[in-house]
Amino acid sequence: MGGPFPEGIKCLRNLRTIDVVSNAFSGPIPEWIGTLSNLHSLNISENQFSEPFADFLRKIAPLQNNPLGDIAIDIFGNQFYGDIPDFIGEINFRYLDVSANQLTGRVPDEVCNWYVEPFDPSVDYGGSFFDCNDEWVSS
């Protein structure tokens with residue numbers, strides 16, 4: 001498909017899930033994404049979305065106020081960049097995959113307190129991931 005995030009989606013106020021995996025969408029995520037008050041799952045993996053990670057988080061943070069009270073976010077394989085901001089700990093994630101982007105910097109302590117699956121060295125994580133020793137590791 002390609003191009004920016006589909007504008008027509010913003011009219012679908014009762015939408016609970018968006019899954020646009022592998023569509024060659026690009027550019028930033030629109031500001032209106034956080035106004036979809038019933039949205040609790042956003043999977044935009046394997047596209048070409050690009051913007052500072054902190055800006056993306058600010059846009060999706062209101063989604064945690066949906067009826068389920070948490071959000072599942074998958075942005076694997078895009079071009080989000082920059083540091084993970086400290087305010088990430090204020091967002092109630094059910095699931096979060098940020099692998100295979102261009103994230104840098106220190107991992108906030110709040111993230112290290114979340115439960116995560118143990119690292120499996122036999123798995124190809126498709127790029128960089130973080131450990132809780134303030135380091136980024138390449139797989």
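**Entry 1: Ile 18.** I began with the contacts of Ile 18 in this predicted model. Leaving out residues up to four places away in sequence, I found that Ile 18 touches Phe 5, Ile 9, Ile 33, Leu 36, Leu 39, Ser 41, Leu 42 and Asn 43. One of these, Leu 42, is also the bridge partner of Ile 18 in S3.

**Entry 2: the core.** I then looked up the largest nonpolar core, which has 31 residues. Which of its members touch the most other members? They are Phe 5, Ile 18, Ile 33, Ile 44, Phe 53, Phe 56 and Ile 60. Two elements give two or more residues to this core: helix H1 (53–60) and strand S5 (71–74). H1 supplies the largest share, four residues. I noted a general point beside this: in soluble globular proteins, nonpolar side chains tend to be buried together.

**Entry 3: the sheet.** Next I traced the strands. Four of them form an open sheet, and the order is S1-S3-S5-S7. The pairing is parallel. Strand S1 (17–19) and strand S7 (93–97) stand at the edges. Each has a single partner strand, so one side of each lacks a neighbour in the sheet. From one strand to the next, the twist averages 5 degrees.

**Entry 4: bridges across the sheet.** I went through the pairs in order. S1 and S3 are joined by three bridges in the parallel sense. S3 and S5 also pair in the parallel sense, over three bridges. Between S5 and S7, which run parallel, I found four bridges. I could follow one row of partners. Ile 18 pairs with Leu 42 in S3. Leu 42 has Ile 73 as its bridge partner in S5. Ile 73 stands opposite Leu 96 in S7.

Entry 5: Are the faces of S5 covered or open? Both are covered. Ile 71 and Ile 73 are buried on one side, and Ala 72 and Asp 74 are buried on the other. In general, side chains in a regular strand alternate between the two faces of the sheet. I also checked the helix: H1 lies across S3, S5 and S7 and runs at about 150 degrees to S5.

**Entry 6: Asn 47.** I finished in the loop between strand S3 (41–43) and strand S4 (48–49), where Asn 47 sits. Is Asn 47 buried or exposed? Asn 47 is buried, because its relative accessible area is 4%, and the cut-off for buried is under 20%. A polar atom of the Asn 47 side chain lies 3.0 Å from the backbone nitrogen of Phe 25. Not counting residues up to four places away in sequence, Asn 47 touches several residues, including Val 20, Val 21, Ser 22, Gly 77 and Asn 78.

Definitions and conventions:
Residues are numbered from 1 along each chain as its sequence is written. This is a predicted model: local features need pLDDT of at least 70, side-chain atom pairs count only at pLDDT 80 or more; totals for chains, interfaces and linings use all residues. Side-chain values use heavy atoms; hydrogens and water are left out. A nonpolar core is a set of buried Ala, Val, Leu, Ile, Met, Phe, Trp, Tyr and Cys residues joined through side-chain atoms within 4.5 Å. Buried means under 20% relative accessible area, exposed over 50%, partly exposed in between (1.4 Å probe, protein chains only). Contact means heavy atoms within 4.5 Å. A polar contact is a pair of N or O atoms within 3.5 Å; within protein, one must be able to donate a hydrogen and the other to accept it, and residues adjacent in sequence count only if both atoms are side-chain atoms. Two strands pair if DSSP finds at least two bridges between them. Axes are lines fitted to C-alpha atoms, for helices over the stretch in contact, and angles run from 0 to 180 degrees between N-to-C directions.
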